[in-house]
Number of protein chains: 2
Amino acid sequence: MRIMILGGDGYLGWPTAMYFSTRGHDVHVVDNFARRKADEELQADSLTPIRSLDERIHAWREVSGKEIRSAVGTLTDYEFISREMNEFRPETIIHYGELRSAPYSMIDREHAVYTQQNNITGNLNVLWAMADGLRECHLVKLGTMGEYGTPNIDIEEGYIDIEHKGRKDRLPFPKQPGSFYHLSKVADSNNIMFACKIWGIRATDLNQGVVYGVETDETKLDERLCTRLDYDAIWGTALNRFCIQAALGEPMTVYGKGGQTRGFLDIRDTLACVELATMNPADRGECRVFNQFTEQFSVLGLAEMVRDAAAKRDIKATIAHLDNPRVELEDHYFNAVHTKLLDLGLQPHFLSDTLVDSLLVTTETYATRARRETLLPDVNWRDASDAKAGAPVASKNGNQAPAAEMLVTEAEA
Amino acid sequence: MRIMILGGDGYLGWPTAMYFSTRGHDVHVVDNFARRKADEELQADSLTPIRSLDERIHAWREVSGKEIRSAVGTLTDYEFISREMNEFRPETIIHYGELRSAPYSMIDREHAVYTQQNNITGNLNVLWAMADGLRECHLVKLGTMGEYGTPNIDIEEGYIDIEHKGRKDRLPFPKQPGSFYHLSKVADSNNIMFACKIWGIRATDLNQGVVYGVETDETKLDERLCTRLDYDAIWGTALNRFCIQAALGEPMTVYGKGGQTRGFLDIRDTLACVELATMNPADRGECRVFNQFTEQFSVLGLAEMVRDAAAKRDIKATIAHLDNPRVELEDHYFNAVHTKLLDLGLQPHFLSDTLVDSLLVTTETYATRARRETLLPDVNWRDASDAKAGAPVASKNGNQAPAAEMLVTEAEA
């Protein structure tokens with residue numbers, strides 16, 4: 001199958017590219033390196049030393065004998081993306097090509113506007129190019145479980161049957177996104193749903209949970225093929241960050257009480273889910289929604305799990321409850337349906353000591369690369385000052401000082 | 001009260017500015033003339049000969065002895081709008097400053113992207129400027145009933161109590177917007193709801209129905225004060241367009257069966273509703289949603305009403321059912337709650353022969369200004385070709401020919 005991977009240089013995009021390449025598909029990666037540029041802007045970096053896209057593709061050719069195509073450009077440039085799509089004529093487009101950080105979108109006005117314009121316009125362009133000549137193509141779009149927020153009812157997969165005043169309808173599940181980033185994803189979902197309706201294109205909207213892990217069958221083949229491992233307060237997802245903090249001897253930073261419950265999944269399950277969606281495409285005109293995660297944990301529960309696993313390696317990990325920089329419930333009901341991917345055959349990798357252990361080992365391997373000053377949250381949802389154009393975030397918010405003052409270790413709390 | 005009116009040069013914005021000025025408020029109008037520019041682009045025009053904003057303000061000074069301030073600039077320019085807001089320090093911001101046409105947003109990709117970027121970014125900038133130093137200010141934002149679509153259950157005012165699998169919550173009402181324009185308004189609503197939550201600002205989101213009429217107490221005072229009257233297929237709302245078509249002896253263009261039911265209101269009620277929202281502000285942190293319309297009609301029912309009213313003036317008006325250029329249900333349930341503004345004291349002007357009559361008179365007065373070639377729909381929701389940059393819409397879609405072929409008068413149908 002001809003598969004185009006938007007954002008194919010990213011944390012999930014690159015492993016996805018190799019995964020489909022291994023399985024004999026014709027893979028074409030598109031990326032604008034926005035994520036790498038954000039690292040420069042924020043003075044952050046992947047813990048693992050990732051190679052350039054060219055080097056990765058070269059290494060993959062050496063290791064596997066297979067070719068991954070690539071094009072560098074941005075989805076907000078319609079001339080670029082429509083040309084790439086029309087020339088390659090993908091049967092499936094896997095769309096990871098968006099900014100993906102809630103804190104990044106909350107840094108200041110510019111980052112909020114950039115996140116929403118970049119994600120919404122890029123996605124609109126992809127939809128338009130599909131409608132204008134690629135209506136058989138299947139869009140597999142990465143959304144997030146964070147679109148739903150934390151309603152006091154069970155979260156269904158995209159749609160909910162509502163009975164109201166004696167009448168019934170199946171309607172889009174009401175969403176309560178918790179950052180300008182999450183809001184951009186909701187806007188995407190709505191645009192996709194509408195595009196399916198008016199143009200008869202096919203789409204699968206994957207509301208993905210928080211991904212953890214860094215190893216897949218392909219990344220393990222050669223160090224040059226590794227994917228990024230984020231641990232900083234802007235890009236690092238909870239479990240990855242906790243493992244790294246534990247290994248570095250830094251407190252694991254739990255925001256507020258830590259009762260915030262979310263869906264989680266192993267990076268290998270991301271690949272399996274995307275494959276299941278790809279090989280079982282939506283119908284023409286169908287906007288299918290899957291909730292893509294395998295287990296629910298509270299953030300504190302996760303930190304405790306890492307603490308216990310670390311103890312077995314003689315690492316004494318501590319938990320620090322920070323004043324919550326986000327505006328969110330810290331103690332709430334959360335139960336999200338996630339059966340559609342299981343019905344298609346997903347065999348989950350449940351979180352285990354082994355996985356945590358392997359993350360700790362990875363961290364130790366690269367510990368000297370860690371930038372400890374990026375671990376603490378420096379972006380507060382309640383702030384709303386406008387950054388000066390071009391001012392680096394670090395200098396605006398004073399990356400080092402403020403959050404450290406909020407630190408209260410578990411022992412003290 | 002210091003009241004800032006964004007989009008204060010538009011169909012509703014200008015009458016709103018005079019309405020509050022009459023009542024002794026300090027009114028500051030902001031506009032970027034996007035609507036006037038779109039007329040040039042589309043070779044359309046208001047039936048009524050509207051004056052420039054400067055002339056309007058001058059005439060208003062002459063007629064009323066009152067001053068309306070103004071500033072010309074765009075909301076997507078944060079430096080501009082934040083400066084205006086910080087200097088004027090409005091207690092209420094009435095936000096009409098968005099592109100407001102579904103067909104316009106569906107012309108091609110560029111217009112879809114322009115509509116979403118302009119509306120979403122402009123609104124984000126206003127929210128940010130409020131959060132950054134104007135947190136007491138009340139945002140009165142114009143949304144649209146079209147955000148809801150046509151669910152098979154009653155439409156509530158912004159939120160719905162859902163009982164699901166034995167649990168309950170009050171959640172945002174699920175929305176099914178029917179154009180890229182309507183989608184931009186949903187994105188606005190979501191951004192506003194979030195901004196209220198994280199920054200504690202106050203907002204009233206007015207989901208307005210289709211507005212008809214052109215006369216208010218203030219516009220009647222002097223011809224130079226009149227507001228625009230749109231009749232073309234891009235900007236003309238249903239009742240206004242039908243009246244003009246009838247007066248011109250053109251068939252009233254009903255899309256499809258005409259069973260599409262919507263909420264409608266008189267322009268004078270728009271002003272009254274906006275005043276009620278302004279004088280009874282939302283609480284800090286509250287995102288209040290009102291459904292702003294007074295009566296429900298089917299599009300065909302409306303055309304029949306105009307036909308009957310026209311007959312009394314010896315005008316034989318005909319109804320033409322066109323192939324529906326939109327993707328929408330033509331026969332559906334529609335019942336929307338709209339009690340909150342009534343509870344605040346709204347005294348509706350219900351649609352009557354008198355109003356239709358006055359619209360017909362206005363039309364006859366300016367009949368020689370009408371451009372008949374703009375009456376027929378030329379934008380099809382199902383099309384998805386990308387326009388060449390800078391190509392006028394008329395030349396792209398061939399404004400004159402295609403829709404005429406679809407014309408079937410009622411007598412023939």
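**Close-up 1. A mixed sheet of three strands in chain A.** In this predicted model, chain A holds an open sheet of three strands in the order 9-11-13, and the pairing in this sheet is mixed. Look for the edges at strand 9 (210-212) and strand 13 (295-298) of chain A, each of which pairs on one side only. If you follow the strands across the sheet, you will find neighbours turned by 45° against each other on average, direction ignored.

**Close-up 2. Strand 11 beside strand 13 in chain A.** Strand 11 (residues 261-266) of chain A is joined to strand 13 of chain A by four bridges, and the pairing is antiparallel.

**Close-up 3. A parallel sheet of seven strands in chain A.** Chain A has an open sheet of seven strands with parallel pairing, and the strand order is 3-2-1-4-5-8-12. Why does one side of strand 3 (68-72) and of strand 12 (287-292) of chain A have no neighbour in the sheet? These two strands stand at the edges and have a single partner strand each, so one side is left without a neighbour. In this sheet, neighbouring strands are turned by 20° against each other on average, direction ignored.

**Close-up 4. Strands 4 and 5 of chain A, with helix 9 across the sheet.** Strand 4 (residues 92-95) and strand 5 (residues 138-144) of chain A run parallel, and four bridges join them. A handy landmark is A:Ile94, whose bridge partner in strand 5 of chain A is A:Val140. Now look for helix 9 of chain A, which lies across strand 1 (2-6), strand 4, strand 5, strand 8 (202-208) and strand 12 of chain A. Against strand 12 of chain A, this helix runs at about 160°.

**Close-up 5. Helix 1 packed against helix 9 in chain A.** Helix 1 (residues 13-22) of chain A packs on helix 9 of chain A at an angle of about 55°, and their axes are 10 Å apart. That angle makes the two helices of chain A oblique to each other. Helix 1 of chain A passes helix 9 of chain A in a right-handed crossing. Which residues of helix 1 of chain A meet helix 9 of chain A? They are A:Pro15, A:Thr16, A:Tyr19 and A:Phe20, and their counterparts in helix 9 of chain A are A:Ile267, A:Leu271, A:Ala272, A:Val274, A:Glu275 and A:Thr278. Sorted by class, this contact of helix 1 with helix 9 of chain A has seven nonpolar, two polar and one charged residues.

**Close-up 6. Helix 1 packed against helix 3 in chain A.** Helix 1 of chain A also packs with helix 3 (residues 53-64) of chain A, here at an angle of about 25° and with the axes 12 Å apart. Helix 1 and helix 3 of chain A are therefore roughly parallel to each other. Their crossing is right-handed. On the helix 1 side, the contact is made by A:Trp14, A:Met18, A:Ser21 and A:Thr22, while helix 3 of chain A brings A:Leu53, A:Arg56, A:Ile57 and A:Trp60. The contact of helix 1 with helix 3 of chain A divides into five nonpolar, two polar and one charged residues.

**Close-up 7. Helix 1 packed against helix 9 in chain B.** In chain B, helix 1 (residues 13-22) and helix 9 (residues 267-279) pack at an angle of about 55°, with axes 10 Å apart. This makes helix 1 of chain B oblique to helix 9 of chain B. Their crossing is right-handed. Among the residues that make the contact are B:Tyr19 and B:Phe20 of helix 1 of chain B and B:Leu271 and B:Val274 of helix 9 of chain B.

**Close-up 8. How chain B relates to chain A.** Two copies of a chain are related by a rotation about an axis and a shift along it. Here, a rotation of 180° with 0.0 Å of shift along its axis superposes chain B on chain A, with an RMSD of 0.0 Å. The two copies are thus related as by a two-fold rotation axis. Within chain B, the C-alpha nearest the axis belongs to B:Pro174 and lies 2.5 Å from it. Both copies use the same surface: 100% of the contact residues of chain B recur in chain A.

Definitions and conventions
Residues are numbered from 1 along each chain as its sequence is written. Chains are lettered from A and ligands numbered from 1 in the order in which they are written. This is a predicted model: local features need pLDDT of at least 70, side-chain atom pairs count only at pLDDT 80 or more; totals for chains, interfaces and linings use all residues. Side-chain values use heavy atoms; hydrogens and water are left out. Two strands pair if DSSP finds at least two bridges between them. Axes are lines fitted to C-alpha atoms, for helices over the stretch in contact, and angles run from 0 to 180 degrees between N-to-C directions. Copies are superposed by least squares on the C-alpha atoms of residues with pLDDT of at least 70 in both. Contact means heavy atoms within 4.5 Å. Angles under 35 degrees count as roughly parallel, over 145 as roughly antiparallel, 65 to 115 as roughly perpendicular and the rest as oblique. A crossing is left-handed if the near helix is turned anticlockwise from the far one by less than a right angle, and right-handed if clockwise. Ala, Val, Leu, Ile, Met, Phe, Trp, Tyr, Cys and Pro count as nonpolar, Asp, Glu, Lys and Arg as charged, and the others, Gly among them, as polar.
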